[in-house]
Amino acid sequence: FPDVTTDGAPHWSASPFGSMGFVVNLAFGTMYAATLDEANLVRCVRAGNTTAHRFAVEGGTLSEAATGLAWEHGADTTLYSYSAGDADAYCANLVLDGHDDWRLPGVGELATLIEVTVSKPALDRADFPDEAGLSDHGFWAHDGWTLSFDVVYALEGSAAGHRVRCVR
């Protein structure tokens, strides 16, 4: 997208978020919920979203056929539990369901888990039952990024502790 500038980067997505909508900032790689009267750009696509159940649980792993990713199903529910370095080390050392090639996801990969029909957290309750009742849903991504499933935003360079959900 060579025509994207920092001033012309916020674009509406088709995904609702409660009474709001999702905006994706193409210059900074961030996304956030915005009121529907906010002015942002639009890019059209030909394919629509699907509401089909996306995940399959296999042991301690949650697999998604559309992306080919396998996720750690039960993330640690201890809030603010990992620094960025600890998060990388945790995934690098994880052995789950006979696999030892787990890693910290990229922020775009983590964003594929977003369920747009619910909020706080924006995660499917059937697929992520360990999230029910928690007060924070911020997760580490690769290179110091974090993604919050509470108000759905991505942030680079967070110094705070967050949770971890590994991917392979």
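1. Tyr-90 first: in this predicted model, its relative accessible area is 25%, so Tyr-90 is partly exposed. In total, the structure has 3 aromatic pairs.

2. Another of those pairs is Phe-139 with Phe-149, and here the geometry is edge-to-face, with 5.8 Å from centre to centre and 75 degrees between the planes. Phe-139 belongs to strand E7 (residues 138-140), while Phe-149 is in the loop between strand E8 (145-148) and E9; they are 10 residues apart. Both Phe-139 and Phe-149 are buried.

3. Phe-149 turns up again in the core. The largest nonpolar core has 20 residues, and the members touching the most others are Trp-71, Leu-110, Leu-113, Ile-114, Phe-128 and Phe-149. At least two residues of this core come from strand E6 (69-72), and at least two from E8. As background, nonpolar side chains tend to be buried together in soluble globular proteins.

4. Phe-128 deserves a look of its own. Setting aside neighbours within four places in sequence, Phe-128 makes contact with Phe-55, Leu-62, Leu-113, Leu-123 and Arg-165. Of these, Leu-113 is also on the list of core members that touch the most others.

5. There's also a second, separate core, this one of 10 residues, with Ala-87, Trp-102, Leu-104 and Cys-166 among them.

6. Cys-166 brings us to the disulfide. There is 1 in the structure, joining Cys-91 to Cys-166 with the sulfur atoms 2.1 Å apart. The link is left-handed, at -90 degrees about the S-S bond. It ties together distant parts of the chain: Cys-91 is in helix H1 (residues 84-93) and Cys-166 in the segment after strand E9 (153-156), 75 residues apart. Both Cys-91 and Cys-166 are buried. By contrast, Cys-44 has a relative accessible area of 75%; the cut-off for exposed is over 50%, so Cys-44 is exposed.

7. Two backbone spots to check by eye. Asp-97 has phi near 55 degrees, a positive value in a residue other than glycine. Asp-97 lies in the loop between H1 and helix H2 (107-111) and is partly exposed, with a relative accessible area of 40%. Asp-143 also has a positive phi, about 60 degrees, and is not a glycine either. You'll find Asp-143 in the loop between E7 and E8, where it counts as exposed at 57% relative accessibility.

8. Stepping back to the whole chain: it has 2 helices and 9 strands. Along the sequence the order runs β-β-β-β-β-β-α-α-β-β-β. Among contacts between residues at least 6 apart in sequence, 59% join residues at least 24 apart.

9. Finally, the surface. Of the 168 residues, 40% count as buried. The accessible surface comes to about 8,800 Å², and 56% of that belongs to carbon and sulfur atoms.

Note on methods:
Residues are numbered from 1 along each chain as its sequence is written. This is a predicted model: local features need pLDDT of at least 70, side-chain atom pairs count only at pLDDT 80 or more; totals for chains, interfaces and linings use all residues. Side-chain values use heavy atoms; hydrogens and water are left out. A disulfide is a pair of cysteine sulfur atoms within 2.5 Å. Helices (H or I, at least four residues) and strands (E, at least two) are DSSP runs, numbered from the N terminus. Buried means under 20% relative accessible area, exposed over 50%, partly exposed in between (1.4 Å probe, protein chains only). Contact means heavy atoms within 4.5 Å. Accessible areas come from the Shrake-Rupley method with a 1.4 Å probe; for residues, only the protein chains shown count as cover. Rings of Phe, Tyr and Trp (its six-membered ring) pair if their centres lie within 6.5 Å; planes under 30 degrees apart count as stacked, over 60 as edge-to-face and the rest as tilted. A nonpolar core is a set of buried Ala, Val, Leu, Ile, Met, Phe, Trp, Tyr and Cys residues joined through side-chain atoms within 4.5 Å.
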